[in-house]
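Here is a short tour for anyone who likes to check a model by eye. Have the viewer open and follow along.

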Amino acid sequence: MTTTIDTTTRGTDERRAASDVLDLDSLFSAEELALRDTVREFVDRRIRPNIARWYEDAHFPVEIVPEMGELGLLGMHLSGYGCPGRSAVEYGLAAMELEAGDSGLRTFVSVQGSLAMSAIHKFGSEEQKRQWLPRMAAGEAIGCFGLTEPTAGSDPAGMTTRAERTVDGWVLNGAKRWIGLASVADVAVIWAQTGEHGDGKGIRGFLVPTGTPGFTATPIEPKLSMRASIQCDIDLQDVTLPDDAVLPGVEGLRGPFSCLNEARYGIIWGAMGAARDSYEAALAYSLQRDQFGTPLAGYQLTQAKLVDMLLEIQKGVLLAERTGRLKDAGMLKPVQISVGKLNNCREAIAICREARTVFGGNGITLEHSPLRHANNLESVRTYEGTDEVHTLILGNHVTGHPAFRQGPA
């Protein structure tokens, strides 16, 4: 006897359970799932009802930052100094749920925790940690991370921002571009060249209170992507800092790269959140939208699209879970982060674009999420290492031949 299930009457939870065909939830502990569900409820309550308006108005909702702090989402993988001390897997699950709401909100958590707070936590003095980390973890202070420059994106060793030694401190001059949150930040982690040569060895990190004379942050507008977030140009003109503004724990590109790897790790999970939300939206729409007297979900082409999306999401979450377990065990390598970042961003953007087609013309409106997610992912696949950079990292790993630069002809 064949049992027929009426999928048109399924609620969201039932559809989500049916879509977890590999029972991936069983890979996570009860504590991990509880954290995920808490973040999911926050996204459903605070982000989903507002995100279309925030996106259309290019508004970053700074008012919800303290709420994120109360939930323990800021610097959540860090320990001490008021930080939550959660596991890498828990942070990943939170990133996935936040990006199911919008990439811009997940990006805020990443810039705050994985970049700015991580830099201070890893390389700051005890005084710097006590001054900034508790307030940042609570959402009472916002940080930004100034590495990328107008002419030095994928090649940070070529940065031209310089920090010159003075009798009792430093003077910074230069420019940064595509710096998240800079116009609303209280402190900026600015990376600058202190050496004589542009080889990256003399690069140091500096904590710059954003009210310091000579520091100017200007939002980059208009944008077609990440509209519910803020990215800025930073101009540094004779920014005078005391001697204790420098991060004492690191010199060279190892400092910013270690922070970038923290952010790249979160993207592995976050991209699958955007993909999952797009898939679920397309599935729900296809079940209730009739064409030629039949729900869209009843047509073979629609089912093929949904199945292809589902397969890549399940594989992407498996990849994220694997990297998370390796990270919690202290075994995760940078090249493995590149595997996850490259694969999951590439697959997520394809899923979101395909999900948009299920909606037909309706899919270009902000009433539905897939095209918004796809637009956001154009930024996500670019920052923290472009597709091309991560491809070359993996190419170097498998061949032993670095192809980042071409030598003389």
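Are Gly143, Phe145, Cys144 and Gly146 of S3 buried or exposed? They are all buried, with Gly143 and Phe145 pointing one way from the strand and Cys144 and Gly146 the other way. Please keep in mind that this is a predicted model.

Let's move on to S6, which covers residues 187-193. Seven of its seven residues are buried, so the strand is largely enclosed by the rest of the structure. The cover extends to both faces: Val187, Val189, Trp191 and Gln193 lie on one side, Ala188, Ile190 and Ala192 lie on the other, and every one of these is buried.

S6 has pairing partners to look at. S3 (residues 143-146) runs parallel to S6, and four bridges join the two. Within this pairing, cysteine 144 stands opposite alanine 188, while glycine 146 has isoleucine 190 as its bridge partner. With S7 (residues 203-209), S6 pairs in the antiparallel sense, over seven bridges. Here alanine 192 faces arginine 204 of S7.

How far apart are the end C-alpha atoms of H12? They are 18 Å apart, and this agrees with the 18 Å that 13 residues (387-399) should span at 1.5 Å a residue. The buried residues of this helix are Asp387, Val389, His390 and Leu394. Their cover includes helix H8 (254-288) and helix H10 (334-358). Just after H12 comes glycine 400, with a positive phi of about 80 degrees.

H10 can be checked in a similar way. Its 25 residues should span 36 Å at 1.5 Å a residue, and the end C-alpha atoms are 37 Å apart, which agrees. Just after this helix, glycine 360 also has a positive phi, of about 60 degrees.

## A nonpolar patch on the surface

Now for the outside. Val21, Leu22, Leu27 and Leu318 form a nonpolar surface patch, and together they have about 330 Å² of accessible area.

One member to pick out is valine 21, which sits in the loop between helix H1 (12-19) and helix H2 (30-47). Why does valine 21 count as exposed? Its relative accessibility is 52%, and a residue is exposed when that value is over 50%.

Conventions: Residues are numbered from 1 along each chain as its sequence is written. This is a predicted model: local features need pLDDT of at least 70, side-chain atom pairs count only at pLDDT 80 or more; totals for chains, interfaces and linings use all residues. Side-chain values use heavy atoms; hydrogens and water are left out. Buried means under 20% relative accessible area, exposed over 50%, partly exposed in between (1.4 Å probe, protein chains only). Two strands pair if DSSP finds at least two bridges between them. Patches are made of residues with over 30% relative accessible area and no salt bridge: like charges are joined within 9 Å, nonpolar side chains (Val, Leu, Ile, Met, Phe, Trp, Tyr) within 5 Å. Accessible areas come from the Shrake-Rupley method with a 1.4 Å probe; for residues, only the protein chains shown count as cover. A salt bridge is a side-chain nitrogen of Lys or Arg within 4 Å of a carboxyl oxygen of Asp or Glu. The expected span of a helix is 1.5 Å times one less than its number of residues. Contact means heavy atoms within 4.5 Å.
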